[in-house]
Amino acid sequence: MPLKRAPSAPAGGARSRSARDPHLNREEIIERLRQAPRRIAAATRGVSNRTLRAAPAPNEWSLVDILAHLRASADVWGGAIEQILAAKRPTFRAVSPFTWLQHTNYRGLQFAQTLLAYGRQRTALVKLLESLPAHAWDRTAIVTGFGAPAERTLTWYALGIAGHEQSHLKHIERVMRARRPAR
Ligand code: NI
């Protein structure tokens with residue numbers, strides 16, 4: 001059993017209070033990231049492909065679309081984390097997860113296929129984050145492409161993934177509960 005470390009301070013600092021940047025410490029961020037694929041799997045267990053691909057209402061995203069969006073977002077922001085770790089204070093251009101999604105086939109894949117890929121990617125991300133010393137979470141990059149260049153920390157991206165997913169996860173759970181026949 002690994003040595004128990006003292007809980008870390010809120011990773012986003014005292015000002016991190018928004019949904020995008022919630023007040024979480026490193027362990028809580030990692031735990032949310034770890035749980036996300038499990039929550040999606042639990043919420044959609046036994047649901048037909050037809051239901052997963054159907055939009056709940058006109059102009060709303062299907063479950064396939066939402067999961068494709070989460071996978072694309074994790075590609076982009078997880079990629080930023082890798083770039084921050086690969087070089088000292090690198091400069092890179094921000095990529096919109098929506099733009100990136102257009103370049104993938106994710107929305108055309110089966111839900112289960114995307115969930116598997118997203119789950120594998122998440123296992124790797126969690127393993128990477130768990131392996132980092134605390135100070136690595138403060139490593140930064142200069143990010144360009146949306147106005148003035150901004151300095152972003154690794155923590156900002158990890159919180160970004162975890163924070164962004166929470167509202168989508170709640171939505172998925174709500175939609176699936178509504179569709180499940182009462183027992
Ligand atoms: Ni979103």
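Mentor: This is a predicted model, and among the elements of the protein chain the mean pLDDT is lowest for α6, at 92, and highest for helix α5 (residues 111-131), at 98. The chain as a whole averages a pLDDT of 88, with 86% of the residues scoring at least 70. Residues 1-10 have a pLDDT below 50, and this stretch has 11 contacts in the model beyond near neighbours in sequence. Residues 12-17 also fall below 50. Where pLDDT is low, the predicted coordinates should not be read in detail.

Let us turn to the packing of α1 with α6. Two packed helices are described by the angle between their axes and the distance between the axes. For α1 (residues 26-44) and α6 (residues 154-179), the angle is about 20° and the axes lie 10 Å apart. Because angles under 35 degrees count as roughly parallel, α1 is roughly parallel to α6. The crossing of α1 past α6 is left-handed.

Which residues meet in this contact of α1 with α6? From α1 come Ile 29, Arg 32, Leu 33, Ala 36, Arg 39, Ile 40, Ala 43 and Thr 44. Their counterparts in α6 are Ala 158, Leu 159, Ile 161, Ala 162, Glu 165, Leu 169, Ile 172, Glu 173 and Met 176.

Methods:
Residues are numbered from 1 along each chain as its sequence is written. This is a predicted model: local features need pLDDT of at least 70, side-chain atom pairs count only at pLDDT 80 or more; totals for chains, interfaces and linings use all residues. Axes are lines fitted to C-alpha atoms, for helices over the stretch in contact, and angles run from 0 to 180 degrees between N-to-C directions. Helices (H or I, at least four residues) and strands (E, at least two) are DSSP runs, numbered from the N terminus. Angles under 35 degrees count as roughly parallel, over 145 as roughly antiparallel, 65 to 115 as roughly perpendicular and the rest as oblique. A crossing is left-handed if the near helix is turned anticlockwise from the far one by less than a right angle, and right-handed if clockwise. Two residues are in contact if their C-beta atoms, placed from the backbone, lie within 7 Å. pLDDT is the predictor's confidence in each residue, from 0 to 100.
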